[in-house]
Amino acid sequence: QVQLVESGGGLVQPGGSLRLSCAASGSIFAINRMGWYRQAPGKQRELVAAITRGGSTDYADSAKGRFAISRDNAKNTVYLQMNSLKPEDTADYYCNAGSSPRLAGNYWGQGTRVTVSS
């Protein structure tokens, strides 16, 4: 089993920045890909960004140029730096982890809410 604990959400004004963190614990040896997904009210959960153990990244088009995902393998932690935030970025953000380098994993965090509003 893998446990994921997110932190860093909150309320920010349009154009502002936030950094989300997700710390993994448990059977972390099995983890390759870690990522962030988000779900806005009334919408499906969607990929924001993901990163493999080797550092390969994948971004949603909406995140390219504004968000940056990074990973500290020694700390088993993944980060999502979000800049130039827009109201449409408002959502619950979920950390995800799994063994596949390309697909969403089986492990999910509890979610952290990001609200972008003036």
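Hi everyone, let me start with a term: two residues are in contact when they have heavy atoms within 4.5 Å of each other. With that in hand, among contacts in this protein between residues at least 6 apart in sequence, 54% join residues at least 24 apart.

Some housekeeping. What we have here is a predicted model, where local features need pLDDT of at least 70 and side-chain atom pairs count only at pLDDT 80 or more, while totals for chains, interfaces and linings use all residues. Residues are numbered from 1 along each chain as its sequence is written, and side-chain values use heavy atoms, leaving out hydrogens and water.

Now the overall fold. The protein has 0 helices and 11 strands; helices are DSSP runs of H or I with at least four residues, strands are runs of E with at least two, and the numbering starts at the N terminus. The radius of gyration is 13 Å, close to the 13 Å that the globule rule gives for 118 residues, so the protein is as compact as a globular protein of that length. That radius is taken over C-alpha atoms, and the rule is 2.2 Å times the number of residues to the power 0.38. Along the principal axes, the C-alpha atoms fill a box of roughly 40 × 25 × 25 Å.

On to burial. Buried means under 20% relative accessible area, exposed means over 50%, and partly exposed is in between, with a 1.4 Å probe and protein chains only. Of the 118 residues, 42% count as buried.

One of the residues I'd like to show you is Ser21, in strand β3 (residues 18–26). Is Ser21 buried or exposed? Ser21 counts as buried, because its relative accessibility is 15%. Leaving aside neighbours within four places in sequence, Ser21 touches Val5, Glu6, Ser7, Trp36, Val78 and Tyr79.

Finally, the aromatics. Rings of Phe, Tyr and Trp (its six-membered ring) pair if their centres lie within 6.5 Å; planes under 30 degrees apart are stacked, over 60 edge-to-face, and the rest tilted. How many aromatic pairs does the structure hold? There is 1. Tyr37 and Trp108 make an edge-to-face pair, at 5.1 Å centre to centre with 70° between the planes. This pair links distant parts of the chain, with Tyr37 in strand β4 (residues 33–39) and Trp108 in strand β10 (residues 107–108), 71 residues apart. Tyr37 is buried, at 10% relative accessible area, whereas Trp108 is partly exposed, at 35%.
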